[in-house]
Amino acid sequence: MAFDIDRFTRTSERVQWADLDFTTFADNPLGEESLRTLRYMCEVEYHTVCYLRDQLVTPSRRSADVGAFMTMWNREEFWHGEALAHVLGLHGITVDYDYLKAKRIKLGWWERLAPLRQSVAGNLLGQDFIAVHMIWGAVNEWSAAAAYRRLGAMEPHPGLTELLRRIAAQESRHVAFYATQARSRLSGSKKARAFARLALQRAWDPVGSTIMDDDEVRHVMAHLFGGPDGRKEIEAIDRHLSRLPGMEGLTIVADAMDERGITA
Amino acid sequence: MIAGDRMTAGTAVVPPAEDFDLREFLDEPRPVHLADDEHADLQARHLPPGVLAVLEHMRRTEHSLLDWMRDVLITPTQVEADVTAFLTTWAYEKYWLGQTLQRLLLAHPAVPVPPPGRWARISDELHERMWPVVGTIGTNLAGPAVTAGHLARALADTLAQRVTAIRLAQVSPALEGLSGSILHTTERHVAFFQSQLRARSRHRSARVVIGQSLRWWRWPGARRGDERHLGAALRYLLGHPRTRDLVARADAALGALPGAPARAVLRTEFARIVVHGTTGSQLRVQ
């Protein structure tokens, strides 16, 4: 089914949380493990503008639909960061713009040169690069939606559960865009299928792993996706992925968990 | 909101200086929309070709929003989390202005836009392919002062946009509502750029970059290879004595920036495009 980009842009809005009751955090705060996971999620959401930067140097920018989507997506993800920063703030953890600036500076030259690497890949692949961007985005958004669902199920706090449900619902709309675009673009190009498969097999890592320490990545993956229920989510992502043209049999998300010793 | 309300929100080219509230800006975006009845009204009025040419240029400029974002985000500006937070909402607002202009233009006869010349196409393609490489390395070596240059250019762009919006309403009163919305939306953009520039220009390197950026400033859309169309649109809209005061006010605001060049930024660029450029304009000056 085609994705209605006009409807998406018309209905795109910042996630709301003013109506949610977070007062119970005063007596019943989140545990350390969940706060650590929330902080990871918050920082990754705020970093979206840098992921956007990496895509703006590729042919994706000149596609009207992709450009419209990226404008709204960037704003929605930014507000996910704001919402999570609010929850963290209620627990005395500050993630503000000064902190984010210090963090981005600390990431150093390798991260700053990311647009250069993306641009070279985009120049080499041309329009087919958009398919790679789309399938990459789909996997990341499947992962993000699964992560929010898992945390919502693990933390029985009504306000937080509802907030995470709202965020996951927006991530699911992002999935729909990416997956629809990926399916269409991959089915039309053998080169795109080959390169996308190669890129995912060789270079895909869990969302946030380029900006967070390995210890943090391992913590979040184990916290959310360790155990049988977490593994079911991981396998579901790989199943979604393997249904896309040219991606049959890929198990990149399960492989990433196995590499980090995260078992069912 | 009715047109009159929007116009009172800011008919000045340079809105009164105020402290910028980033939180309020993020919480309450001002996307430019026109109500269905306003669209219908404008459609029925048969806007003249000159006005449509200006609107088409504005639409093309707004649709190049992501080009501007690309050019800025590959530089050290990407670490400035308050600036990137602003850009997130700014892009949202500009996206909707582009969509509103597109809807308006679709209801009128298509505006002929001459295709860019050979050299403009080559230049555009080189920029497209090379700037992410050259710009990423060069600006990151240059350091954080480059952000002041982006902000100074963005301020000049926004003031040019406000001059255009005010003149549109003067030339075609039917567009008062649209013009008022643009002024209402962009007054906070001006406030943000000015407040950032005030803070950053305490550093000498930032002042140098501000001066260089304004010396090389080009009218919004002028770098995209459609200067002939831009020249025609600008001559139609701004080639009138009433414009001088508007441009002078914008230039005064830019000239007050620490490190700003002595010459009048907008007036010099306007002269370059309209007086010395190849306009090919057949549009009658209002």
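Good morning. I begin at the end of chain B, where residues 278–286 have pLDDT under 50, pLDDT being the predictor's confidence in each residue, from 0 to 100. For this stretch the model has 26 contacts beyond four places in sequence; two residues are in contact if their C-beta atoms, placed from the backbone, lie within 7 Å. Residues 1–10 of chain B also stay under 50, with 18 such contacts. Where pLDDT is low, the predicted coordinates should not be read in detail.

This is a predicted model, in which local features need pLDDT of at least 70 and side-chain atom pairs count only at pLDDT 80 or more, while totals for chains, interfaces and linings use all residues. Residues are numbered from 1 along each chain as its sequence is written, and chains are lettered from A and ligands numbered from 1 in the order in which they are written.

For chain B the mean pLDDT is 89, and 91% of its residues reach 70 or more. The chain has 13 helices and zero strands; these are DSSP runs, helices being H or I with at least four residues and strands E with at least two, numbered from the N terminus.

What radius of gyration would a compact globule of 286 residues have? The value would be near 19 Å, and chain B agrees, with 18 Å. The radius is taken over C-alpha atoms, and the globule rule is 2.2 Å times the number of residues to the power 0.38.

Let us turn to one pair of helices. H12(B) (residues 241–255) and H13(B) (residues 265–275) pack at about 130°, their axes 7 Å apart. Axes are lines fitted to C-alpha atoms, for helices over the stretch in contact, and angles run from 0 to 180 degrees between N-to-C directions. The two helices are therefore oblique to each other: under 35 degrees counts as roughly parallel, over 145 as roughly antiparallel, 65 to 115 as roughly perpendicular, and the rest as oblique. Among the residues making the contact are B:Leu254 of H12(B) and B:Phe270 of H13(B).

Finally, the partner. In the complex, 23 residues of chain A are in contact with 23 residues of chain B. On the chain A side, H4(A) gives the most, with six residues. The predictor gives the complex an ipTM of 0.95 and a pTM of 0.94.
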